[in-house]
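Visitor: I am new to protein structures and would like to go through this one slowly. Could you guide me with some questions and answers?

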Amino acid sequence: MTKTFDISGKRVWVAGHRGMVGSAIVRRLASENCTVLTATRAELNLTRQADVERWMETHKPEVVFDAAAVVGGILANSTRPTEFLTDNLEIQSNIIATAHKIGVKKLMFLGSSCIYPRLAPQPLHEDSLLTGPLEPTNQWYAIAKIAGIMQCQAYRRANGDDFISAMPTNLYGPGDNFDLQSSHVLPALIVKAHHAKLAGDKTMTIWGSGKPLREFLHVDDLADACVFLMKNYSEDQHINVGYGSDVTIRQAAETVARVVGFKGEFIYDTSKPDGTPRKLMDCSRLNNLGWRPSITFEQGIAHAYDWFLKHAAQ
Ligand code: GFB
């Protein structure tokens, strides 16, 4: 059952506001009549429970968007398991448990499409959670995110707390990480195509076979969906947030190359992992509530490239 939640006049904490998702939520909240709270890393170490309790007890958020997490692409996920598991478990558990303790009125926990089994039926329906083995390259992150969903459900069931979970598909946009070792695929392709174009290179390298399928959502669409769900969704089950269609990595690279103006060939480095073959989300539950994305993939890539040129290009 859904019910409307009013955020106007409330103190809204965006945990993780320096990240791509958190900063997009802060931008989106500028058009809502609420007080946005943020804490820098220097002010608050989210892995320390006592610090999180102290900060939340002092600042008294009434609404929380939990967008704070250690995130990264396929290589970072598979090579830094302790950060992706332990740090994320600590951060989310501290925030969610303290939100319960201080009586936060509503909390949204943000996860990822990697929570679903590697070979779950496509498109991925929310009911597929915990029906099979995870994709090994991101199992640490996935387990942390699954624990976050369960923690919200536990507080809801035991105490009636209005804690919800939203699971976005692969995201991109302003504020993305453009470091080639730790980034996701789209920012990496933007960097590679940009530098190849400037250097006059005839080729650029793509990891893996280019065949995996990925669904990409612009982070400003995600932020809009998060505010929409905060107002309109109040259920135990997590809810998918996606774009609605997917492309192969090769097609994504072609779009990036077109936008950036790289005209050479792609070389596939198959020593790098492909990861999960496909993770297109079934967003019928979200769509039936009345939300749809508004930024096309090509528009979104042009926007992301423009942001990269202004803020991250070297
Ligand atoms: O975006 P990505 O790193 O993560 O990689 P996942 C997506 C696909 O793009 C993989 C290929 O098949 C990569 O091999 N790819 C091609 C590249 N070239 C590149 C490149 O230069 N850099 C990168 N990074 N990939 C992540 C999970 O999985 O998705 C996280 O690791 C999270 O846990 C996130 O769930 C949304 O889509 O495979």
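Visitor: Which residue meets Arg-157 in a salt bridge?

Guide: This is a predicted model, in which local features need pLDDT of at least 70 and side-chain atom pairs count only at pLDDT 80 or more, while totals for chains, interfaces and linings use all residues. Residues are numbered from 1 along each chain as its sequence is written, and side-chain values use heavy atoms, with hydrogens and water left out. A salt bridge is a side-chain nitrogen of Lys or Arg within 4 Å of a carboxyl oxygen of Asp or Glu. With 2.8 Å from N to O, the partner of Arg-157 is Asp-236.

Visitor: How many residues apart in sequence are the parts that Arg-157 and Asp-236 tie together?

Guide: Helices (H or I, at least four residues) and strands (E, at least two) are DSSP runs, numbered from the N terminus. Arg-157 lies in helix α5 (residues 139-159), whereas Asp-236 lies in the loop between α7 (219-232) and β10 (239-241), so the pair ties together parts whose separation in sequence is 79 residues.

Visitor: Is Arg-157 buried or exposed?

Guide: Buried means under 20% relative accessible area, exposed over 50%, and partly exposed in between, using a 1.4 Å probe and protein chains only. Asp-236, at 26%, is partly exposed. Because Arg-157 has a relative accessible area of 64%, this residue is exposed.

Visitor: Which residue forms a salt bridge with Lys-105?

Guide: Lys-105 is partly exposed, with a relative accessible area of 43%. In its salt bridge, the closest N and O atoms are 3.2 Å apart, and the partner is Glu-62. Lys-105 lies in the loop between α4 (81-102) and β4 (106-110), and its partner in the loop between α2 (49-59) and β3 (63-66), so parts 43 residues apart in sequence are tied together by Lys-105 and Glu-62.

Visitor: Which helix holds Glu-298, the residue that pairs with Arg-258?

Guide: The side chains of Glu-298 and Arg-258 meet in a salt bridge of 2.9 Å, N to O. Arg-258 is in helix α8 (residues 249-260), and Glu-298, 40 residues apart from it, is in helix α10.

Visitor: At what angle do helix α6 and helix α10 pack?

Guide: Axes are lines fitted to C-alpha atoms, for helices over the stretch in contact, and angles run from 0 to 180 degrees between N-to-C directions. The axes of helix α6 (residues 185-199) and helix α10 (residues 297-311) are 11 Å apart, and the angle is about 65°.
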